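Me: Please show me how helix packing is read from a model, beginning with the handedness of a crossing.
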Amino acid sequence: MFDDVMWAERARQEHDAFCQQLRDTGVVVHEFATLLAEALDAPRARVFLQDRLTTATRFGPALDGPLDELVGSAPAPVLAELLIGGS
């Protein structure tokens, strides 16, 4: 638990600085969002996600179609960000 409200922008800056320090010492840093976006571009990955995520039983019949369309058409980096952050 945090004693204070976490500042997202500051946390991002610290994360990026830490990753850069790792890279400077020769460590390969894998960003989850990038890996997920690459995976979403793999053949049949979208179909796999649509079959398991965009179902009427998971989110209801009103969202089934729009979510299915979003998963099928959004650019991989955008979809990855939505899946991770939900924004």
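Reply: A crossing is left-handed if the near helix is turned anticlockwise from the far one by less than a right angle, and right-handed if clockwise. Helices here are DSSP runs (H or I, at least four residues), numbered from the N terminus. In this structure, H3 and H6 cross in the left-handed sense.

Me: What kind of model is this, and how are its residues and atoms treated?
Reply: This is a predicted model, in which local features need pLDDT of at least 70 and side-chain atom pairs count only at pLDDT 80 or more, while totals for chains, interfaces and linings use all residues. Residues are numbered from 1 along each chain as its sequence is written, and side-chain values use heavy atoms, with hydrogens and water left out.

Me: Where in the protein is confidence lowest, and where is it highest?
Reply: The quantity to read is pLDDT, the predictor's confidence in each residue, from 0 to 100. Its average over the protein is 89, and 91% of the residues score at least 70. Helix H4 (residues 56-59) has the lowest confidence, with a mean of 84, whereas helix H2 (residues 32-40) has the highest, at 95.

Me: At what angle do the axes of H3 and H6 cross?
Reply: Axes are lines fitted to C-alpha atoms, for helices over the stretch in contact, and angles run from 0 to 180 degrees between N-to-C directions. For helix H3 (residues 45-53) and helix H6 (residues 76-85), the axes come within 14 Å and cross at roughly 30°. H3 is therefore roughly parallel to H6, given that angles under 35 degrees count as roughly parallel, over 145 as roughly antiparallel, 65 to 115 as roughly perpendicular and the rest as oblique.

Me: Which residues of H3 and H6 meet?
Reply: Contact means heavy atoms within 4.5 Å. Arg46, Leu49 and Leu53 of H3 meet Ala76, Leu79 and Leu83 of H6.

Me: How do H2 and H6 pack?
Reply: Their axes lie 8 Å apart, at an angle of about 120°. H2 and H6 are therefore oblique to each other, and the crossing is right-handed. Phe32, Ala33, Leu36, Ala37 and Leu40 of H2 make the contact with Ala76, Pro77, Leu79, Ala80, Leu83 and Ile84 of H6.

Me: How do H3 and H5 lie relative to each other?
Reply: H3 and helix H5 (residues 61-73) pack at about 160°, their axes 9 Å apart. The two helices are therefore roughly antiparallel, and their crossing is right-handed. The contact is formed by Arg46, Leu49, Gln50 and Leu53 of H3 with Asp68, Val71, Gly72 and Ser73 of H5.

Me: Which residue with positive phi follows H1?
Reply: Gly26 follows H1, with a positive phi near 95°.
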